[in-house]
Every structure is written in structure tokens, then in C-alpha cells.
Amino acid sequence: MENQESEREGPPEWSKRSTVAAGNFALVIQKESTMKKILVIDDSAIHQASARETLKDSGYELTIASGYREAYKLLLNPDGFWKHVETELGTRGLKWGVKGYQEAAREVAARLRSEYAYDVVLCDLLMPCPPHSHDDSVMPLGPDGEKFVGQEMPFGFPLVFLAAMSGARHVGVVTDASHHNHPFSAVLDPVEWYRSNGAGKFTINGTVVKFFQDGGRYLADGTVCPQCKGTGKDSDHECYTCGGAGKDWKEGKDWGNSLQYLLSDTPPRP
Ligand SMILES: [Zn+2]
């Protein structure tokens, strides 16, 4: 699934850039959408589908990455980014090899990052190790390293740091694995946001980071709870099965719910 194209959903005009070079200066025309951007990283088609469903009314433009390699590119090397940096350096008369180029490139790159950054990144915890590629240096595995290709590994941890470096303001790691089913879900127990009563909120380079376990299902629009038949009530109590929503559960992470808690710091629902 690693080689799937990332998909952009939302207004097509987002982030169209064109560069008009004339002599020594270049004019960068930029058209930005006012919509905030969210990146969901998950290798499972079910959880990708639930991202489209549970984030459709979130007000965010959704991009989905299906694995580590694709996420790396979208976060640290998005389309047009380095060209943009190069163009700006060109306006100062700085070219590769000239004294002071690298220092200036670092400064310009750090400043321009925020224009390309996702506001929010929501990321799976366990994803398969991508195969070696000759195209890049993202995962330069040799014969020993290639033994891990295809194995599920906790890539959610390093992706927290990549997302923070990319300039994302909020990052959530969301796994559907319960602490009974996987050791890397179990080790999240003390830091997981729901279970730690809100203490599990971390800041890395100004980016808010939280972890969410065991979020495997969501209440789907257009469905009817089989217990309460959609009324939301069980005799005179709130329906226990659907929590009063009247809808039925569907397999797939509730990214919308994780987004809400990541952003709001409101107490978790019971
Ligand atoms: Zn119900």
C-alpha cells in the first residue's frame, strides 16, 4: 500500500503556486485556501475510509498518506517546497556553491515551512516497514534491514517528531489496538490521553502531541442502532449501545473524535 498516491480532497485551488522568473528576480504568486489542512497517515483502507467519513464535516481539507515513506515526503519534502526555497535564495543572488548559501538556505527553509505545513497530523501507530527504494534516502535499508520489510512497526513514534519538524501545530497518534492486543499499545497506557485524565498532553517544539488507544469504531451516519432502533433511548435511559446517538457502529477509527479531543482539551466522553 506504500506506493499509493496521496489524495487531496477539498478545494482544488489550494496551494497553487506559479513562479515567473525574470532575469535576476522571481515573482512567486501564491493562492492559499483559507481552509485548514489535516494529514491522516494510516495503511489500512478501512481507517482511510473512516477518515473521509468522520472528518468530512470537520472544516479541514483532508490528505491521506498510506505509509511512512509517503508521510515523510508530505511532511518534510512537499511538492514545490525546495523550489520555493531556491527561488527565494535566487532573488538574493545566492546560488549553490556560493559562500553563505547553506546557512541562508536553512534560514529560508525554516521560515517557509509554515506555508506548507499541515495544521493537524493524525497518525496510525503500527505500520508496515516500507521496502527499500533506490529513489531516495528515506529508508536506505541494506540486506540486514530488509528483513524487516513488511513487518508492522511503531512508526507512529518517529512520525510525531517529523510532524513537529514540519510545523504541524497538533499531532495525534491514534491506534485501534487495545493494550491487551499489542505491546506498543500497552506501553501507551501511562501517557494515553483518555486514561491519564488529560495529563497525557505533550509539547514538542511548540507542537501539541497526544496519544489515543483503542479507537476502532465510529457511529456511522445513515445507520440505525439495532438496540434502540434509532431513538437513542432504552426504556427511559440513554441507549447504552449507541450512547444516545441512535446510530450503529461501523469498523474504522473515529478520527473526528480524536481530532476533537486533540484540539479542545475537553474531558473525554465516558
Ligand atoms: Zn442505540
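**Notes on the predicted model**

1. Helix α2 (residues 68–76) is largely enclosed by the rest of the structure, because seven of its nine residues are buried. The buried residues are Tyr68, Arg69, Glu70, Ala71, Tyr72, Leu74 and Leu75.

2. For the overall setting, the chain contains seven helices and 15 strands. Of its 270 residues, 30% count as buried. Taking contacts between residues at least 6 apart in sequence, 66% join residues at least 24 apart.

3. The largest nonpolar core has 43 residues, and those touching the most other members are Ile38, Val40, Val120, Val121, Leu122 and Ala163. At least two residues of this core come from each of β4, β5, α2, β6 (120–123), α5, β9, β11 and α7 (255–264). Helix α2 of point 1 is therefore covered by the rest of the structure and also supplies residues to this core.

4. Valine 121 shows what such a core position contacts. Setting aside neighbours within four places in sequence, Val121 is in contact with Leu39, Ala163, Ala168 and Val171. One of these, Ala163, is itself listed with Val121 among the core residues that touch the most other members.

5. Strand β11 (residues 207–212) is another enclosed element: five of its six residues are buried, so the rest of the structure largely encloses it. It pairs with β9 (residues 170–174) through five bridges, and the two strands run parallel. Within this pairing, valine 173 has phenylalanine 211 of β11 as its bridge partner.

6. Strand β11 also pairs with β10 (residues 202–204), here antiparallel and through three bridges. Isoleucine 204 is bridged to threonine 207 of β11. The hairpin formed by β10 and β11 has two residues between the strands, and asparagine 205 takes a positive phi near 50° there.

7. Which backbone angles deserve a check? Asparagine 205 has a positive phi of about 50° although it is not a glycine, and it is located in the loop between β10 and β11. With 9 other C-beta atoms within 10 Å, asparagine 205 is exposed. Lysine 229 likewise is not a glycine, yet its phi is positive, at about 55°. Lysine 229 sits in the loop between β12 (217–220) and β13. It is exposed, with 11 other C-beta atoms within 10 Å.

8. Is aspartate 234 buried, exposed or partly exposed? It has 15 C-beta neighbours inside 10 Å and so counts as partly exposed, since the buried class needs 20 or more and the exposed class 12 or fewer. Aspartate 234 belongs to strand β13 (residues 233–234). Not counting residues up to four places away in sequence, aspartate 234 touches Gln227, Cys228, Cys239 and Tyr240. Its C-alpha atom is separated by 8.8 Å from that of glycine 244, which is ten residues apart from it along the chain.

Methods: Residues numbered from 1 in each chain as written. Predicted model: local features only at pLDDT ≥ 70, side-chain atom pairs only at ≥ 80, totals over all residues. Helix = DSSP H or I, 4+ residues; strand = E, 2+ residues; numbered from the N terminus. Contact = placed C-beta atoms within 7 Å. Pairing = 2+ DSSP bridges. Core = buried A, V, L, I, M, F, W, Y, C linked by C-beta atoms within 7 Å.
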